[in-house]
Amino acid sequence: MTEIGRDKVLRAALELFGRDGVAGTTLSRLRQASGVSVGSFYHHFAGKEEVVEALFVECIALYQSAFIAELRRHEDPRAGVAAVVAFHIRWCMEHPDRARFLFTERRPGRGELAEHNRAFFGEVLAWWRTHVHHGALPELDLGTAFVLWLGPAQELCRLWLNGEIPAPGDDQIARLGRAAWRSLEREQR
């Protein structure tokens, strides 16, 4: 199967997993929807779990790459914090199928995913430490920093993706950016 065939399987998986869930998508339905032969399918994937893993890595790599590009645009920590909140919400709105998949599927951090995560978190941590060094951001573990930084934006996106609230507006996005900064800015002594 060429890369085009592999991409067909991943595109079909994104659609089917979004509509029927991973558990509700059979391997035969996935193969049929992708339009590839059985042999072609098994050339790249040993089974559905490998498709799930490959799709997760693809989605997270796209997100992380765009996140880092946005973060690099901002030397000022306050602007960077708010811009990444806005980025996160807008990325979810522009890629709802990918965001929904990332929200619902938790993959173990191994192999290719672990490599992406190491590079991503290394860049975020370097940006963060620069601002800790200059006294703008507090010394926090990355988990706590991400929860304070993106937790409310993540919940807003989850609610929107589930159809529980209307699409986020610019005022909401700006408010969450300001709130993230207030929760992260270093306390002055």
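Which side chains meet in a salt bridge with an N to O distance of 3.2 Å? They are those of aspartate 20 and arginine 19, where a salt bridge is a side-chain nitrogen of Lys or Arg within 4 Å of a carboxyl oxygen of Asp or Glu. Before we go on, please keep in mind that this is a predicted model, in which local features need pLDDT of at least 70 and side-chain atom pairs count only at pLDDT 80 or more, while totals for chains, interfaces and linings use all residues. Residues are numbered from 1 along each chain as its sequence is written, and side-chain values use heavy atoms, with hydrogens and water left out.

Let us start with the overall picture. The protein chain holds nine helices and zero strands, and its pattern along the sequence reads α-α-α-α-α-α-α-α-α. Here helices (H or I, at least four residues) and strands (E, at least two) are DSSP runs, numbered from the N terminus. The C-alpha trace spans about 65 × 35 × 25 Å along its principal axes. Of the chain's 189 residues, 42% count as buried; that word means under 20% relative accessible area, with exposed meaning over 50% and partly exposed in between (1.4 Å probe, protein chains only).

Now back to arginine 19, which has another partner. Its side chain also forms a salt bridge with glutamate 15, at 3.7 Å from N to O. Both arginine 19 and glutamate 15 belong to helix H1 (residues 3-20), where they sit four residues apart, about one turn of the helix. Arginine 19 counts as partly exposed because its relative accessible area is 49%, and glutamate 15 counts as exposed because its value is 51%. Aspartate 20, at 34% relative accessibility, is partly exposed.

These bridges belong to a total of nine salt bridges in the whole structure. Another of them links glutamate 70 and arginine 73, with 3.0 Å from N to O. Glutamate 70 is buried at 16% relative accessibility, whereas arginine 73 is exposed at 56%. Elsewhere, salt bridges that share partners tie Arg11, Glu58 and Arg98 into one network.

Arg78, Arg175, Arg178 and Arg182 gather on the surface in a patch of positive charge. Patches are made of residues with over 30% relative accessible area and no salt bridge, like charges being joined within 9 Å and nonpolar side chains (Val, Leu, Ile, Met, Phe, Trp, Tyr) within 5 Å. Helix H9 (residues 170-184) supplies the largest share of this patch, three residues. Arginine 178 has its place in helix H9 and counts as partly exposed because its relative accessibility is 43%.

Histidine 88 is buried, with a relative accessible area of 4%. Its side chain is joined to that of tyrosine 63 by a polar contact of 2.7 Å. A polar contact is a pair of N or O atoms within 3.5 Å; within protein, one must be able to donate a hydrogen and the other to accept it, and residues adjacent in sequence count only if both atoms are side-chain atoms.

Our last stop is glutamate 139, in the loop between helix H7 (111-133) and helix H8 (142-161). Glutamate 139 is exposed, at 64% relative accessibility.

How values were computed
Areas by Shrake-Rupley, 256 points an atom, 1.4 Å probe, with all protein chains shown as cover. Lys, Arg positive; Asp, Glu negative; His and termini not counted. Charge placed at Lys NZ, Arg CZ, Asp CG, Glu CD.
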